[in-house]
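Biologist: Hi, I've got a new model open and could use a guided tour. Can we just chat through it?

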Amino acid sequence: MNLGQTTLRFRQNSVRALEDVALRAAMKQAADTFGAKRAEAFAPVSDLEALRDRASGIRDEVLADLPRHVETFVASATRAGATVHRAKDAAAAREIVAKVLSDRGAKRIVKGKSMVSEEVDLNAHLEAAGMEVFETDLGEYIIQMAGESPSHIIVPAIHKNRRQIGRLFTERLGVPYTEDPQALTRIARGALREKFLSADAGISGANFAAADTGSLVLFTNEGNGRMVTTVPPLHVAILSVEKIIPSLSDLPAFLRLLPRSATGQAITAYVSVITGPRKPGDATGAKELHIVLLDNGRTEILAGESRDILKCIRCGACMNVCPVYRTVGGHAYGWTYPGPMGLILTTLLTGMAKSHPVVDASTLCGACAEVCPVRVPLVPLILQLRRRKVREGFPDPKERRVMAWFGRAAASPGWFSLGQRLAGIFWPLVRAVGGKDVAGRLPPPARIPFRRKAH
Ligand code: SF4
């Protein structure tokens, strides 16, 4: 569920997140677990750097001529029997999906995980049009029940612990309380089975789309992706244009990198390749397949200095290692995409005026770029946005003045030393005036500065 953009309140959102002990514990545990599993999964991959070069090269090749690859994909998918729609923006995508569904009288919709559908706020639109939309990925199912939005692109309910999920199930489904993950999964599976069987249509995203064959490729773990795309008679897939890869033969590089980077698995439980709707003799498949290709500002990004963000394959690894994301979680970022890649994409897709505080949500430590499987240059991209933020006049004027004073003081040993002493004397006053925000974020100055101690 998209709850509207609150990126301008990034700082306030972060302060709230810092006070949420359960959230911080859940984030730390999840991020540590994913980090360890990722390291373990990559340990036997002896050609990792060559593999990353190959995947990065394929993504560069796509971006070098994206319009041609899109045209090739449209032609191939159409030949395979799918109907392909091009959506210029979020409103167009919502309208196209709603029209395809309503023209066929679809009322009950099952959905697989799709961040693009979050980006365009699809569920709210379909529900306003009188349709019932059921998220079927376990994490998405949980947050839909809680009335929240995903806080991670791979693990939407990463911010919740099992006790919170147990209580949620009891409240919303009326089942006896349990915090056993297997029991909770069984409850969700039981509730969802009936939805799959009675659905008029399934909506999915796609991890990749192969231009040469017109195939959609989905990496999933729960089997819900297969149910959504094969059980209902109608399948609507929504994906952004940069998901295209030139050929299905490019897939193995991503097959080796994406699951390892995302969940620390050598391969996901299911890899679905869908080429057109069900054909005579096929055992499964939707009778009708519609593919909605979303642009929503990608063409503009492609023409600009930040185009490399479109190389991203949405593995989420950069989030798991980012000290900012790991501390405040995804909701603080205030829109669909959190973490290092998210702050870049959010700013580019929604504009600096709506997102400038989040540009600061990085320590520039570079951990994100180190783990990125397709070598997205995340740190230079964040620095570009910071320069743009200054050029476009968005920094807080108070902050600019403070930084200008600090710059002058730091350039002069005398002033710097005086500043240190004054900071120590007036610190109680700074805390009193700055309130909880300052007190929580700034450590008190040392009573004896380190440089004096060293003498
Ligand atoms: S920027 Fe790289 S690490 Fe981050 S989500 Fe995208 S592919 Fe994964």
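Biologist: Which residues line the second largest cavity?
Modeller: Its lining is made of Cys322, Pro323, Pro340, Ser362, Thr363, Leu364, Cys365, Gly366, Ala367, Cys368 and Ile382. A cavity here is a set of points, on a 1 Å grid over the protein atoms alone, where a 1.4 Å probe fits but cannot get out, and lining residues have an atom within 4 Å of a point. Keep in mind that this is a predicted model, where local features need pLDDT of at least 70 and side-chain atom pairs count only at pLDDT 80 or more, while totals for chains, interfaces and linings use all residues. Residues are numbered from 1 along each chain as its sequence is written, and side-chain values use heavy atoms, with hydrogens and water left out.

Biologist: How do those lining residues divide by class?
Modeller: Eight are nonpolar, three polar and none charged. In this scheme Ala, Val, Leu, Ile, Met, Phe, Trp, Tyr, Cys and Pro count as nonpolar, Asp, Glu, Lys and Arg as charged, and the others, Gly among them, as polar.

Biologist: And how much space lies in there?
Modeller: About 60 Å³ for the second largest cavity. That volume is the space filled by probe spheres set on the grid points, which are joined across faces, edges and corners.

Biologist: How many cavities of 30 Å³ or more does the structure hold?
Modeller: Four. The largest cavity has about 100 Å³ of space. Of its 14 lining residues, Cys312, Cys315, Cys318, Met341 and Cys372 are the closest to its centre. By class, that lining has twelve nonpolar, one polar and one charged residues.

Biologist: Where does the ligand sit?
Modeller: In the largest cavity, meaning more than half of its atoms lie within 2 Å of the cavity's grid points.

Biologist: Which residues are around the ligand, then?
Modeller: Cys312, Ile313, Arg314, Cys315, Gly316, Cys318, Met341, Cys372, Pro373, Val374 and Leu378, each with a heavy atom within 4 Å of it. That shell has nine nonpolar, one polar and one charged residues.

Biologist: Switching to strands: what order do the four strands of the open sheet come in?
Modeller: β8-β5-β6-β9, with mixed pairing. β8 (244-245) and β9 (270-274) are at the edges with a single partner strand each, so one side of each has no neighbour in the sheet. Strands are DSSP runs of E, at least two residues, numbered from the N terminus, and two of them pair if DSSP finds at least two bridges between them.

Biologist: How many bridges join β6 to β9?
Modeller: Five, and β6 (residues 215-220) runs antiparallel to β9. Leucine 218, for one, has serine 272 in β9 as its bridge partner.

Biologist: Last topic: how is the chain divided into domains?
Modeller: Domain 1 covers 65-298 and domain 2 covers 397-454, with bounds from an automatic or database domain assignment. Their C-alpha centres lie 50 Å apart.

Key
1 Å grid on protein atoms, 1.4 Å probe; cavity = no way out; pocket = protein on both sides within 12 Å on 5 of 7 lines; lining within 4 Å.
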